[in-house]
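Student: I've got a model open and would like to talk it through with you. Can we start once it's on screen?

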Amino acid sequence: MSKILKSIKSWGADWFSVGSWEDKYWHAPANSVAAGDPAHGVQTSRDSDCLPPVINIGNEPVKTYEFHQFNVDGSSMSPERISNGDTLLCSVVSQEDRGSIPSGQYVIVKADKDYYAKKHKEVRFDHKLRRTVTLVGKQESFEQLVARLESEELEDSVLLDCNRTALKEKFEESHRYYEDFDSMMLSVTYREGQIRYSFHPSSLIEYKAVYVVSPKKGMNNTRKL
């Protein structure tokens, strides 16, 4: 009997340990979106609280069931007031609209598994969260992009030499990998509070976040984006 009890105890300890949880459930639920690197460990639980069918955001009643809901996993968008554990109410972005998304939108981007595999990473999330900056045409050079960012005041972070260097590295990397694309989306996220750039074909953008809901914070951060 003692061996059985020891086995049960060992199983229970293994089951509830963080590392073991990630090993057993290494891939995030389909309704989770990575705020940051989609290859990072899964932080939130597999089961999330369901939102009420109707909630008030400001003075507006919002029917949550009319939106696709994504649970935020990670804290990389905290500088934008979107935190780990928040829920995003999202609308589908049609194929036709993916090439005309404006700046300042919070979008759900399909994680390209092949792209991350080239970087020796295995994605744990099907989607990642980004804030859009601007669409980049296939024939637009890096110098033209920087000039446009400065003239249109889309992203003042590129005024710093270190950020411009990082932006150029991402620009060249994405153009080496994606040879066939109509347009790229330049977007940003954060790592330890520092801005990080990314480029991805606009065809990978699948949803736009319309509202952010914070059920774990007493709905204090619930707002329209």
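**Helix packing and ring pairs**

Tutor: Let's start with Leu-167, which counts as buried at 0% relative accessibility. Keep in mind that this is a predicted model.

Student: Where does Leu-167 lie, and which residues does it touch beyond four places away in sequence?

Tutor: Leu-167 lies in helix H5. Leaving out residues up to four places away in sequence, Leu-167 touches Phe-142, Val-146, Leu-149, Val-158, Leu-186, Tyr-197 and Phe-199.

Student: What separates the C-alpha atoms of Leu-167 and Tyr-197?

Tutor: Along the chain these two residues are 30 residues apart. Tyr-197 is also on the contact list of Leu-167. The separation of the C-alpha atoms of Leu-167 and Tyr-197 is 6.2 Å.

Student: How are H4 and H5 oriented to each other?

Tutor: Helix H4 covers residues 142–151, and its axis comes within 11 Å of the H5 axis. The two cross at roughly 135°. An angle over 145 would count as roughly antiparallel and 65 to 115 as roughly perpendicular, so H4 and H5 are oblique.

Student: Which residues make that contact, and is the crossing left-handed or right-handed?

Tutor: From H4 you have Phe-142, Leu-145, Val-146, Leu-149 and Glu-150. H5 brings Arg-164, Leu-167, Lys-168 and Phe-171. As for its hand, the crossing of H4 and H5 is right-handed.

Student: Is Ser-174 buried or exposed?

Tutor: Ser-174 is another residue of helix H5. Setting aside residues up to four places away in sequence, Ser-174 touches Met-184 and Phe-199. With a relative accessible area of 2%, under the 20% cut-off, Ser-174 is buried.

Student: On to the rings. How many aromatic pairs are there, and what kind of pair do Tyr-115 and Tyr-116 form?

Tutor: Going by ring centres within 6.5 Å, the count is eight aromatic pairs. For Tyr-115 and Tyr-116, the distance is 5.4 Å centre to centre, with 90° between the planes. Planes over 60 degrees apart meet the cut-off, so this pair is edge-to-face.

Student: Why is the pair of Tyr-115 and Tyr-177 edge-to-face?

Tutor: Here the ring centres are 5.2 Å apart. This pair links distant parts of the chain, with Tyr-115 in helix H3 (residues 113–118) and Tyr-177 in helix H5 (residues 161–177), 62 residues apart.

Student: What separates the C-alpha atoms of Lys-118 and Tyr-177?

Tutor: Lys-118 is in helix H3, and counts as exposed at 62% relative accessibility. Lys-118 and Tyr-177 are 59 residues apart along the chain. The separation of their C-alpha atoms is 9.2 Å.

Student: Last one: over which ring does the charged end of Lys-138 sit?

Tutor: That charged end is 5.8 Å from the ring centre, where the cut-off is within 6 Å. The ring under the charged end of Lys-138 is that of Phe-181.

Terms used
Residues numbered from 1 in each chain as written. Predicted model: local features only at pLDDT ≥ 70, side-chain atom pairs only at ≥ 80, totals over all residues. Heavy atoms only, no water. Phe/Tyr/Trp six-rings, centres within 6.5 Å; stacked < 30°, edge-to-face > 60°. Lys NZ or Arg CZ within 6 Å of the ring centre and 35° of its normal. Axes fitted to C-alpha atoms, helices over the stretch in contact; angles between N-to-C directions. Parallel < 35°, antiparallel > 145°, perpendicular 65-115°, else oblique. Left-handed = near helix turned anticlockwise from the far one by under 90°. Contact = heavy atoms within 4.5 Å. Buried < 20%, exposed > 50% of the residue type's maximum accessible area, 1.4 Å probe, protein only.
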